[in-house]
Amino acid sequence: MSLNQVDRQILALIQKDASLSTAEIADKVGLSQSPCWRRISRLEQEGYIKGKVAILEPKKLGFDMLVYAHVRLSSHGRTQLAEFEELIQSYDEVTECYTMAGTMDFMLRIISKGIEGYELFVRDKLLSLDYVQEVHSNVTMTCVKRSTSLPI
């Protein structure tokens, strides 16, 4: 399915505020409620909308440390890529994980409660794996921009 302008407007509205009712979305895009609901349902079924979530404030919950860690596996560890990827999925501290081109194999976005929490995570979880060769950490200081919105 290709997206038309109304579909794009609906997606833009939902990604900015998923709590909008179908009636509110319909009003903003110039549709009646039923056709708008059908479009939203179709966008969900076709995978354009993966889910609807609340964005929480990490600092209010005590998560004041955000680190981007670059991980390199040893040469024999590359045979365990699938194992590493599965293990990373089980770590709640890792909020994003990417395979990388270049000198490192993975980049992890890790959130923790202070530097101590991050140190425990690295020591007890990452460096306890015999096939993890290196972990390079980039500690964030100030968030200048954070968005979950795609430029539709």
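## Basis of the description

Because the model is predicted, local features need pLDDT of at least 70 and side-chain atom pairs count only at pLDDT 80 or more, while totals for chains, interfaces and linings use all residues. Residues are numbered from 1 along each chain as its sequence is written, and side-chain values use heavy atoms, with hydrogens and water left out.

Strand β3 covers residues 106-112; strands here are DSSP runs of E with at least two residues, helices are runs of H or I with at least four residues, and both are numbered from the N terminus. Seven of the seven residues of β3 are buried, so the strand is largely enclosed by the rest of the structure. Buried means under 20% relative accessible area, exposed means over 50%, and partly exposed lies in between, with a 1.4 Å probe and protein chains only. In a regular strand the side chains alternate between the two faces of the sheet. In β3, Phe106, Leu108, Ile110 and Ser112 point one way, whereas Met107, Arg109 and Ile111 point the other way, and all are buried.

Strand β1 (residues 65-73) pairs with β3 in the antiparallel sense over seven bridges, where pairing requires that DSSP finds at least two bridges between two strands. Within this pairing, His70 stands opposite Met107 in β3. Strand β2 (residues 94-99) also pairs with β3 in the antiparallel sense, over five bridges, and Thr99 stands opposite Phe106. The hairpin of β2 and β3 has six residues between the strands, and in this hairpin Gly102 takes a positive phi near 115°.

## Arg109 within β3

Arg109, found in strand β3, is buried with a relative accessible area of 11%. Its side chain makes a polar contact with the side chain of Thr95 at 2.7 Å; a polar contact is a pair of N or O atoms within 3.5 Å in which, within protein, one must be able to donate a hydrogen and the other to accept it, and residues adjacent in sequence count only if both atoms are side-chain atoms. Leaving aside neighbours within four places in sequence, Arg109 is in contact (heavy atoms within 4.5 Å) with residues including Leu66, Tyr68, Val94 and Arg146.

The side chains of Arg109 and Glu96 also meet in a salt bridge, at 3.7 Å from N to O. This pair links Glu96 in strand β2 with Arg109 in strand β3, 13 residues apart. Glu96 is partly exposed, with a relative accessible area of 29%.

## Salt bridges elsewhere

Side chains of opposite charge can pair when their charged atoms come close. A salt bridge is a side-chain nitrogen of Lys or Arg within 4 Å of a carboxyl oxygen of Asp or Glu, and by this rule the count comes to seven. One of them joins Asp7 and Arg39, with the closest N and O atoms 2.9 Å apart. Here Asp7 lies in helix α1 (residues 5-16) and Arg39 in helix α3 (residues 33-45), 32 residues apart, and both Asp7 and Arg39 are buried.

Lys125 forms a salt bridge with Glu93, the closest N and O atoms being 3.1 Å apart. Lys125 lies in helix α5 and Glu93 in the loop between α4 (81-89) and β2, so the pair ties together parts that are 32 residues apart in sequence. Lys125 counts as partly exposed at 26% relative accessibility, and Glu93 is partly exposed at 22%.
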